[in-house]
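Subject: Handover of a structure and notes on it

Dear colleague,

I am passing on the structure below, together with some notes on what was found in it. Please read the notes with the coordinates open beside you.

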Amino acid sequence: MGKGRLIVLTGPSGVGKGTLLRSLLARHPELYFSVSVTTRSPRPGEIDGKNYYFVSRNQFEEMVTAGELLEWAEFAGNYYGTPKRRVKEHIQQGQWVILEIELEGARQIRKNFPEALRIFIMPPSVSELENRIRGRGQDSEVAIARRLSHAQAEIAAASEFDIQIVNDDLKDALQAIEDAIFTTANC
Ligand SMILES: Nc1ncnc2c1ncn2[C@@H]1O[C@H](COP(=O)(O)OP(=O)(O)OP(=O)(O)O)[C@@H](O)[C@H]1O
Ligand SMILES: Nc1nc2c(ncn2[C@@H]2O[C@H](COP(=O)(O)O)[C@@H](O)[C@H]2O)c(=O)[nH]1
């Protein structure tokens, strides 16, 4: 059995993490994507248990108290967290587990799992980031403003990560992520 590994994908909201991850998982079904828990309402088309586990704030706080989360953070008015049990099981089975999480959660992972590979996805520019969030057409003006106000601080923290990849051309960014995971993570 191979050695299990934690891979963290972080970057500002709207940079394209989810889009890249979907392509990555389609090309590498051996990777295990950890479905997060959130108190955010589902967007149209999002499925409970596939995109997220959607829970109430009370339920989330109970999970925190019970120590069921590997990391968690409040982002743009909602809680987000990584359920611990399945991630640990898959790593113990030798699988490579991918978390798609924001900066504070990535910092917690760095502290508790220093061996994790942490990749930061950068936008080509802040104006393109705004175009992408607006183009997605799924966030209110308030949510867009909150997400953009977080973005500057997140981009400023990019150097904390092992690898920075600019998601300008989608195919190039996907290739760069594959290179990072399947060369660096093997070392
Ligand atoms: N390289 C790219 N060029 C142009 N548009 C892109 C690119 N990558 C992603 N997009 C588009 O940007 C929008 C945001 O992408 P996505 O939802 O994947 O971002 P995200 O980082 O997962 O956001 P969040 O963290 O808020 O979930 C989508 O409409 C997606 O199609
Ligand atoms: N710390 C964590 N952050 C997470 C987790 N799951 C998702 N996220 C990040 O939240 C923002 C917003 O996501 P959205 O789906 O509402 O657009 C984004 O940066 C995600 O990467 C998690 O488990 N922990």
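The notes that follow begin with conventions, go on to the whole chain, and then take up single residues.

This is a predicted model, in which local features need pLDDT of at least 70 and side-chain atom pairs count only at pLDDT 80 or more, while totals for chains, interfaces and linings use all residues. Residues are numbered from 1 along each chain as its sequence is written, chains are lettered from A and ligands numbered from 1 in the order in which they are written, and side-chain values use heavy atoms, with hydrogens and water left out.

The whole chain

The chain has 7 helices and 9 strands, where helices (H or I, at least four residues) and strands (E, at least two) are DSSP runs numbered from the N terminus. Its radius of gyration is 16 Å, close to the 16 Å that the globule rule gives for 187 residues, so the chain is as compact as a globular protein of that length; the radius is taken over C-alpha atoms, and the rule is 2.2 Å times the number of residues to the power 0.38. Along the principal axes, the C-alpha atoms fill a box of roughly 50 × 40 × 30 Å.

Of the 187 residues, 49% count as buried, a term that means under 20% relative accessible area, with exposed meaning over 50% and partly exposed lying in between (1.4 Å probe, protein chains only). The chain exposes about 9500 Å², of which carbon and sulfur atoms supply 50%; the areas come from the Shrake-Rupley method with a 1.4 Å probe, and for residues only the protein chains shown count as cover. Among contacts (heavy atoms within 4.5 Å) between residues at least 6 apart in sequence, 69% join residues at least 24 apart. The mean positions of the 23 positive and 25 negative charges are 2 Å apart, with Lys and Arg counted as positive, Asp and Glu as negative, and His and the chain ends not counted; each charge is placed at NZ of Lys, CZ of Arg, CG of Asp or CD of Glu.

Residues in loops

Arg40 sits in the loop between strand 3 (36-38) and strand 4 (52-54) and is buried, with a relative accessible area of 8%. Its side chain makes a polar contact of 2.9 Å with the side chain of Glu46, a polar contact being a pair of N or O atoms within 3.5 Å; within protein, one must be able to donate a hydrogen and the other to accept it, and residues adjacent in sequence count only if both atoms are side-chain atoms. Leaving aside neighbours within four places in sequence, Arg40 is in contact with Glu46, Tyr52, Phe54, Asn78, Tyr80 and Arg147.

Asn167, in the loop between strand 9 (163-166) and helix 7 (170-182), is buried at a relative accessible area of 3%, and its side chain reaches the backbone oxygen of Val15 at 2.7 Å. Beyond four places in sequence, its contacts include Gly16, Leu20, Ile121, Met122 and Arg132.

Ala76 lies in the loop between strand 5 (69-75) and strand 6 (78-83) and counts as buried at 13% relative accessibility. Most residues other than glycine have a negative phi, whereas Ala76, which is not a glycine, has a positive phi of about 50°.

Ala157, in the loop between helix 6 (141-156) and strand 9, is buried at 4% relative accessibility; leaving aside neighbours within four places in sequence, Ala157 is in contact with Leu103 and Arg107.

Residues in helices

Leu21 belongs to helix 1 (residues 17-27) and is buried, with a relative accessible area of 4%; beyond four places in sequence, Leu21 is in contact with Leu9, Phe33, Ile98 and Glu100. Lys88, in helix 3 (residues 84-92), is partly exposed at a relative accessible area of 40%, and beyond four places in sequence Lys88 is in contact with Leu70 and Phe113. Lys88 and Leu6 are 82 residues apart in sequence, and their C-alpha atoms are 9.6 Å apart in space.

With kind regards
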